[in-house]
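Here are my notes for your first walk through this structure. Keep the viewer open and look up each residue as you reach it.

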Amino acid sequence: MKNTADITVLGAGSYGTALAISLASNGHRTLLWGHDPESIENLKRDRANEAFLPGISLPDLLIPEADLATALAASNNILVVVPSHVFGMVLSQAKPLLREDSRIVWATKGLEPETGRLLQEVAGDVLGDKYPLAVLSGPTFAKELAAGMPTAISVAGTDDGFTQDLVELLHSPKRLRVYANDDFIGLQLGGAVKNVIAISAGMSDGIGFGANARTALITRGLVELSRLGEAIGAQASTFMGMAGLGDLVLTCTDNQSRNRRFGLALGRGQGVEEAQKEIGQVVEGYRNTKEVYALAKRLGVEMPITEQVYRVLYEGGTPHEAAVTLLAREKKSETQDNE
Ligand SMILES: NC(=O)C1=CN([C@@H]2O[C@H](COP(=O)(O)OP(=O)(O)OC[C@H]3O[C@@H](n4cnc5c(N)ncnc54)[C@H](OP(=O)(O)O)[C@@H]3O)[C@@H](O)[C@H]2O)C=CC1
Ligand SMILES: O=C(CO)COP(=O)(O)O
């Protein structure tokens, strides 16, 4: 089948729209599918996504589309940007409508709810192994990307040709630097774990702790991510890159991060539900904490920060208690691993 678009993006929230804007700004005809026909009508009418990215115009080459079959027929390149808790469901909806030559990439950051599986396993389970798969991961706030501010990101997948094509589609010498990476597992894990650590950094700042505490959480959070990564077959060097250190620093230090803002609200004494409602967009770390915690337990990997965030979110612990517990842990050597 011939392409009538260069790429189709599934998910018209803040990041799906931002990536579609970026792709269309590169001169690629880009279809943006959203599941709510009324929102898609608004995009067509306003030539902007006022609900998620107010004030940012959609380039002419970005075509909002409400019909999933039309969206999936238009291109063999499919970029999925929906929250992790609906990722499997959206792929299941898409499956009967996919082309034989479809290639699937996602920018979703998280693990599958309940199972804690990487999204590559979810995709494999739903779609089988005939489609090339890839992931985009790294420090990329939607609003800055959509506004054309300089950004860097990584991409990895099962098929080098697809990875390279994604680099070509996304890379812009003026706005977006795209690094090819060969660690598919590491890129996915980094995007999930940073959500949890960003909540911890937010909690710390919400309590009123300072730069020292925040930086300690980022640094030890990186250790936790690296330990878990090693246990599931990721490459250690990945976590010194965009999807590890890069995304940790971004989301732990800037209030554009919804995970950090969620943690800030908790640290200031708000309840979990109230804090989520106030943010009004997906807070991946809320669910991801449960999955990352369960995965770490299953594999016997020590992740004390993650454990404390879990206690606050799911067991009624307070951010203060979490901080006290972390500080009171037994003395150890910084380089001692998994003890
Ligand atoms: N925003 C950012 O800066 C970044 C986000 N990401 C990741 O991108 C993913 C998406 O996040 P983001 O766009 O920010 O989230 P938003 O909350 O901004 O938007 C989520 C979008 O998903 C839609 N959606 C919800 N359920 C379904 C469904 N069943 N089928 C189709 N669409 C659905 C929502 O539609 P509706 O509003 O109608 O519910 C909404 O348009 C997350 O995993 C996030 O971690 C990664 C990097 C940066
Ligand atoms: O993943 C992100 C930036 O890389 C977005 O972070 P939040 O989901 O915390 O807003």
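1. Start at Val80, which is in contact with Leu10, Gly11, Phe87, Val90, Ile104, Trp106 and Thr108, once its neighbours within four places in sequence are left aside. Here, two residues are in contact if their C-beta atoms, placed from the backbone, lie within 7 Å. Please bear in mind that this is a predicted model, in which local features need pLDDT of at least 70, side-chain atom pairs count only at pLDDT 80 or more, and totals for chains, interfaces and linings use all residues. Residues are numbered from 1 along each chain as its sequence is written, while chains are lettered from A and ligands numbered from 1 in the order in which they are written.

2. Val80 also belongs to the largest nonpolar core, which has 101 residues. Such a core is a set of buried Ala, Val, Leu, Ile, Met, Phe, Trp, Tyr and Cys residues joined through C-beta atoms within 7 Å. A residue is buried if 20 or more other C-beta atoms lie within 10 Å of its own, exposed if 12 or fewer, and partly exposed in between, with C-beta atoms placed from the backbone. The core residues with the most contacts inside it are Val9, Leu10, Leu79, Val80, Val81 and Ile197. Helix 8 gives the most to this core, with eleven residues. Helices (H or I, at least four residues) and strands (E, at least two) are DSSP runs, numbered from the N terminus. The core draws at least three residues from each of domain 1 and domain 2. As background, nonpolar side chains tend to be buried together in soluble globular proteins.

3. Now for the domains. The chain is divided into domain 1 (7-182) and domain 2 (196-327), with bounds that come from an automatic or database domain assignment. Taken over C-alpha atoms, the centres of domain 1 and domain 2 are separated by 25 Å. Where the two meet, 19 residues of domain 1 are in contact with 17 residues of domain 2. On the domain 1 side, helix 4 and strand 7 (151-157) each supply at least two residues, and strand 7 gives the most, with three. By class, that side has eight nonpolar, nine polar and two charged residues. Ala, Val, Leu, Ile, Met, Phe, Trp, Tyr, Cys and Pro count as nonpolar, Asp, Glu, Lys and Arg as charged, and the others, Gly among them, as polar.

4. Where does ligand 1 lie? Ligand 1 lies between domain 1 and domain 2, because both give residues to the shell around it. Of the 28 residues around ligand 1, Gly13, Ser14, Tyr15, Ala142 and Gln281 come nearest; a residue is near a molecule or strand if its C-beta atom, placed from the backbone, lies within 6 Å of it. Helix 1 (14-25) and helix 4 (84-94) each supply at least two residues of this shell, and the largest share, four residues, comes from helix 4. The shell around ligand 1 has 13 nonpolar, twelve polar and three charged residues.

5. Among the residues around ligand 2 are Lys109, Phe141, Asp247, Thr251 and Asn259. Helix 10 (242-253) and helix 11 (258-267) are the elements that give two or more residues to this shell, and helix 10 provides the largest share, three residues. The shell around ligand 2 divides into four nonpolar, four polar and four charged residues.

6. The UniProt annotation "active site", from an unreviewed entry, covers Lys194; UniProt positions are given in the numbering used here, feature names are shortened, and annotations may be inferred rather than shown by experiment. Lys194 lies in helix 8 (residues 184-207). Is Lys194 buried or exposed? Lys194 counts as buried because it has 34 C-beta neighbours inside 10 Å. Not counting residues up to four places away in sequence, Lys194 touches Asp247, Leu248 and Thr251.

7. Finally, check two loop residues. Arg47, in the loop between helix 2 (37-46) and strand 3 (62-65), has a phi near 50 degrees, a positive value in a residue other than glycine. Glu114, in the loop between strand 5 (103-106) and helix 5 (119-127), has a positive phi of about 75 degrees although it is not a glycine. Arg47 is exposed, with 12 other C-beta atoms within 10 Å, and Glu114 is exposed, with 11.
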